Number of protein chains: 2
Amino acid sequence: MKLSKTSEYALRILSYMAKDPSQLYTAKQLIETLHISDKYLRQLMTGLTKSGLIYSIQGRDGGYSFAKKPTEIFLSDIVDSVEGMNRYTGCILGFEHCSDDNPCVMHKVWVEARKEFIQTFTTKTLDKLNLEGVNKF
Amino acid sequence: MKLSKTSEYALRILSYMAKDPSQLYTAKQLIETLHISDKYLRQLMTGLTKSGLIYSIQGRDGGYSFAKKPTEIFLSDIVDSVEGMNRYTGCILGFEHCSDDNPCVMHKVWVEARKEFIQTFTTKTLDKLNLEGVNKF
DNA sequence: TTAATATACTATTATAAGGTAGCATTTAAC
DNA sequence: GTTAAATGCTACCTTATAATAGTATATTAA
């Protein structure tokens, strides 16, 4: 019931940016505000750029900004772009061929338990979060 | 939204054993039926033994059996004993001090999303699973 | 008491995730 | 053009998880 560290970072960064979505953010600024290591953040941002959630401007006075509006970015989009689709689906017992039609013994329990999670993350957009105090930590 | 491989194995093994809970199962039998590697399964079983879910009988004609009845073993007990308590709780954004009183921006969303998971795993016991075809994979 | 058949323990190896380093590339101010 | 300030790329290092190997210990049947 954990997401990867990389997902945590991606959600933190984009939540922070969503508070003022039209701004251009430099890597330096994000690093200092959110306390994420330099090179790791850049890698992550490159990934988010390639997946189309943000765009980057290279060179002097460059930085990152939203490519889609926060009203159009679902939380699941962020997780999916970092972890690869379906990372957080799949059988809890690790069976390859487990499905609704051919369920493992824990299938029903697992599917119901994660339904709320998937439901929330595929319907909530970035702007729906209460972004007050987004960088207070 | 994943559990560790070790949790997967633990759930698989105990689900299998729960179909005939009074039986004494040898490591060999579990390995052959469930296709888990020899030494890894033994390590795992030693851990489950220490956490009090099963007991082991050493020596010739030994094996593993339930220390608690499947009706008394919650799915969360199994996961907790393998992963350590609270492995699947904690803040989705990785903030140490995030709590109901001092929530991060995603706290509310996250708490609601995982509620069903925690609810299910802390209330469902092993015997409540539909154990038909537990070893068909 | 010996041999056979179990589990227990400890150390090692392999793989994946997380994180770091250095150089290359791009762009705007001057 | 040159320089400064920004992102991009690739390779490497570190740490944690997963898996393996070998030896020790326990128990029972003969």
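A salt bridge is a side-chain nitrogen of Lys or Arg within 4 Å of a carboxyl oxygen of Asp or Glu. Between chain B and chain A the count is 0 salt bridges. The structure is a predicted model, in which local features need pLDDT of at least 70 and side-chain atom pairs count only at pLDDT 80 or more, while totals for chains, interfaces and linings use all residues. Residues are numbered from 1 along each chain as its sequence is written, chains are lettered from A and ligands numbered from 1 in the order in which they are written, and side-chain values use heavy atoms, with hydrogens and water left out.

The protein-protein interface takes 39 residues from chain B and 39 residues from chain A, where contact means heavy atoms within 4.5 Å. About 3,700 Å² is buried between the two chains, and carbon and sulfur atoms give 72% of that area; buried area is the accessible area (1.4 Å probe) that two parts lose on being put together, summed over both. On the side of chain B that touches chain A, helix 1 (5-18) and helix 5 (107-123) of chain B each give two or more residues, and helix 5 of chain B has the largest share, 9 residues. Helices (H or I, at least four residues) and strands (E, at least two) are DSSP runs, numbered from the N terminus.

Next comes the DNA. Around DNA strand C there are 25 residues, of which Ser37(A), Lys39(A), Gln43(A), Ala27(B) and Arg42(B) come nearest; a residue is near a strand if one of its heavy atoms lies within 4 Å of it. Helix 3 of chain B gives the most to this surface, with 4 residues. Phosphate oxygens of DNA strand C lie 2.7 Å from a polar backbone atom of Ala27(B) and 2.7 Å from a side-chain N or O atom of Ser56(B).

DNA strand D is also surrounded by 25 residues, the closest being Ala27(A), Arg42(A), Gln58(A), Ser37(B) and Gln43(B). A backbone N or O atom of Ala27(A) is 2.6 Å from a phosphate oxygen of DNA strand D. The largest share of the surface near DNA strand D, 4 residues, comes from helix 3 of chain A.

Key: A polar contact is a pair of N or O atoms within 3.5 Å; within protein, one must be able to donate a hydrogen and the other to accept it, and residues adjacent in sequence count only if both atoms are side-chain atoms.
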